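Thanks, everyone. Have a look at the model first.

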Amino acid sequence: MMRYELIMHSPDETMEFASKLAEKLQEKDVIALEGDLGAGKTTFTKGLAKGLGIKRTVSSPTFTIVKEYQGRLPLYHMDVYRLEDTFEDLGFDDYFEGDGVTVIEWAHLIKPQLPNELLVIHLYHHGESARKVMLEPIGKRYEQLCKEIMEA
């Protein structure tokens, strides 16, 4: 399995990279965001929203689990950090199979419910202000997406 690694030196650089990625996203694409607390998962999602042409302010859906935004494609922004270890089916498939892009912060917490193919993006602190971003494509669609974004 291929992995791609980048260093982002500012929140603006992270948002710009995410915005470029968003331009290549399609319906039913799923992105799992993992990594350090405060490493930029919501900042990354703001960049995706920008790239999808979303004008509304994006904030973490920590207490609502899912926020929906309308742009070129709908963006379904999930934060599953506060879900219990055992939980009922909350209808995640409706989002994964919907007409938009799904972004899940702390996705490992719902691993049994995730689709078989997705793009996992890990964000880690790297020094005082930089971030290490690691792209882990799972499935052919996401392998191709990563190749395209890394060549751009």
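A strand here is a DSSP run of E, at least two residues long, and strands are numbered from the N terminus. A lining residue has an atom within 4 Å of a pocket grid point. Keep in mind that this is a predicted model.

So, the pocket. Which strand gives the most to the lining of the largest pocket? That is β6, with three residues. Three strands each supply at least two lining residues: β2 (30-35), β6 (118-126) and β7 (130-138). The space in this largest pocket comes to about 220 Å³.

Now the lining by name. It includes Ala32 and Glu34, then Ala107, His108 and Lys111. Leu114, Pro115, Leu118, Val120 and His122 line the pocket too, along with Glu136 and Ile138. By class, that lining has seven nonpolar residues, three charged and two polar.

Next, Asp29. Where does Asp29 sit? Its place is the loop between α1 (11-22) and β2. Is Asp29 buried or exposed? Buried: the relative accessible area of Asp29 is 3%, and the cut-off for buried is under 20%.

What does Asp29 touch, leaving out residues up to four places away in sequence? Lys24, Gly100, Val101, Thr102, Arg141 and Tyr142. Take Gly100. Asp29 and Gly100 are 71 residues apart in sequence, yet 7.2 Å apart in space, C-alpha to C-alpha.

One last distance, for the side chain. A polar atom of the Asp29 side chain lies 2.7 Å from the backbone nitrogen of Gln26.

That's it from me.

Note on methods: Residues are numbered from 1 along each chain as its sequence is written. This is a predicted model: local features need pLDDT of at least 70, side-chain atom pairs count only at pLDDT 80 or more; totals for chains, interfaces and linings use all residues. Side-chain values use heavy atoms; hydrogens and water are left out. On a 1 Å grid over the protein atoms alone, a cavity is a set of points where a 1.4 Å probe fits but cannot get out, and a pocket is an open set with protein on both sides within 12 Å along at least five of seven lines; lining residues have an atom within 4 Å of a point. Grid points are joined across faces, edges and corners, and a volume is the space filled by probe spheres set on the points. Helices (H or I, at least four residues) and strands (E, at least two) are DSSP runs, numbered from the N terminus. Ala, Val, Leu, Ile, Met, Phe, Trp, Tyr, Cys and Pro count as nonpolar, Asp, Glu, Lys and Arg as charged, and the others, Gly among them, as polar. Buried means under 20% relative accessible area, exposed over 50%, partly exposed in between (1.4 Å probe, protein chains only). Contact means heavy atoms within 4.5 Å. A polar contact is a pair of N or O atoms within 3.5 Å; within protein, one must be able to donate a hydrogen and the other to accept it, and residues adjacent in sequence count only if both atoms are side-chain atoms.
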